[in-house]
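Subject: A structure for you to look at

Hello,

Please open it and read along.

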Amino acid sequence: MSRSPSAVRAYWLGRIPYRECWDLQRSLVESVHAGAHPGGLFLLEHPPVFTIGRRGDGTTLLWTEEECARRGVEVVWTDRGGDATYHGPGQLVGYPILDLPRLGVDVLLHIRNLERSLVSYLLTLGLESEAGGRDLTGVWSSGGKVAAIGVKLNHRAVTSHGFALNLTSDLETFNTGIVPCGLVGRRATSVFELSGRRPDVEAAARDYVSHFEKAFQATVEWADPAEVRALPPAASAEPSPVSRNTHPGSEISIGRSDAISTKR
C-alpha cells in the first residue's frame, strides 16, 4: 500500500556554528513532537569542528585540545550516534527533523533513506558510491567514506542530526586530527578528491533536495530560516564529556554500527 507524500520544510542556514545549530535542532524537535511543525530539513555547513558522538570515548581524537584550538578547530561532545567526525567549510550537512511514525518508517529505514538519497545525488556528479551496510553506515566510494551519518531519535519518534557529505572538505584535518568515525584503517574522501569538481555548498543543497524527496516519498518546500530561529528554546540540556553516557531520558542514538544505545 503506497503512502501519500508528506510535506517537509527545508531551511538553508548557511555557515552556522555547531552549537547554535544544535540548539535550533532541539527547538524544532520539540515543535515537531508537539505537532506544531510538519518536519524540517536543515541544510548548512559548519565552521571547523570535531564532534564526538555517544559511541566515542575520546581516544579517536588524535590531536590534543590545545592543538585543535591552535588550528582553529572546535571540539564538541554531542548526543548523536557514532564516534568522531569532522565538519567544516566545503561540506554539505543535512539535519532532518522528522516524526518517523508520521512518515511510516523506523529509524533504521530512515538511515537507509539518507544513504539512498546521497548515493542518488552523487550519481548526478558522475560519482558511483554505495551504502556501507552494517558496521559501515554512511556512503562509500573507491577512495573512502564520502558521507557520514549519525542520528538521534528523540521522544522515541523524532529524528535529529543526520548526514555530512564531503564536497571540498579539508581532508588533511579530517584524516589526521581524528580516526574518522572510529574506523581504524579507513579514511574520508571528498567529491573534489574523487572527481576534481568543486560543487558550491548552497547549490549542492538545493540540488540534493529532489533526491531527498524521492528517497523519503516526501514533498519539500523551501522556507525562511527566521521561522525556526523564532521557535522557543528547548528545555533539554547539552551532554557534558563527564556524564555523556549517564543522562536520564528515553532518547536513542544511532551511528556507524546500527547498534542502538539507550541513555540511562
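Let me start with valine 49, which touches Tyr18, Val73, Glu74, Val76, Thr85, Tyr86 and His87, leaving aside residues up to four places away in sequence; contact means heavy atoms within 4.5 Å. This is a predicted model, where local features need pLDDT of at least 70 and side-chain atom pairs count only at pLDDT 80 or more, while totals for chains, interfaces and linings use all residues. Residues are numbered from 1 along each chain as its sequence is written, and side-chain values use heavy atoms, with hydrogens and water left out.

Valine 49 lies in strand β3 (residues 49-52); strands (E, at least two residues) and helices (H or I, at least four) are DSSP runs, numbered from the N terminus. Valine 49 counts as buried because its relative accessibility is 1%, buried being under 20% relative accessible area (1.4 Å probe, protein chains only). Proline 89 is 40 residues from valine 49 in sequence, and their C-alpha atoms are 9.9 Å apart.

Two cysteines are worth a look as well: cysteine 21 is buried at 0% relative accessibility, and cysteine 68 is buried with a relative accessible area of 0%. The count of disulfides (cysteine sulfur pairs within 2.5 Å) is 0.

Finally, the helices. The axes of α4 (residues 107-124) and α7 (residues 201-216), lines fitted to C-alpha atoms over the stretch in contact, come within 8 Å and cross at roughly 130°. Residues of α4 that take part in the contact with α7 include His110, Leu114 and Tyr121.

Best wishes

Terms used. Axes are lines fitted to C-alpha atoms, for helices over the stretch in contact, and angles run from 0 to 180 degrees between N-to-C directions. Buried means under 20% relative accessible area, exposed over 50%, partly exposed in between (1.4 Å probe, protein chains only). A disulfide is a pair of cysteine sulfur atoms within 2.5 Å.
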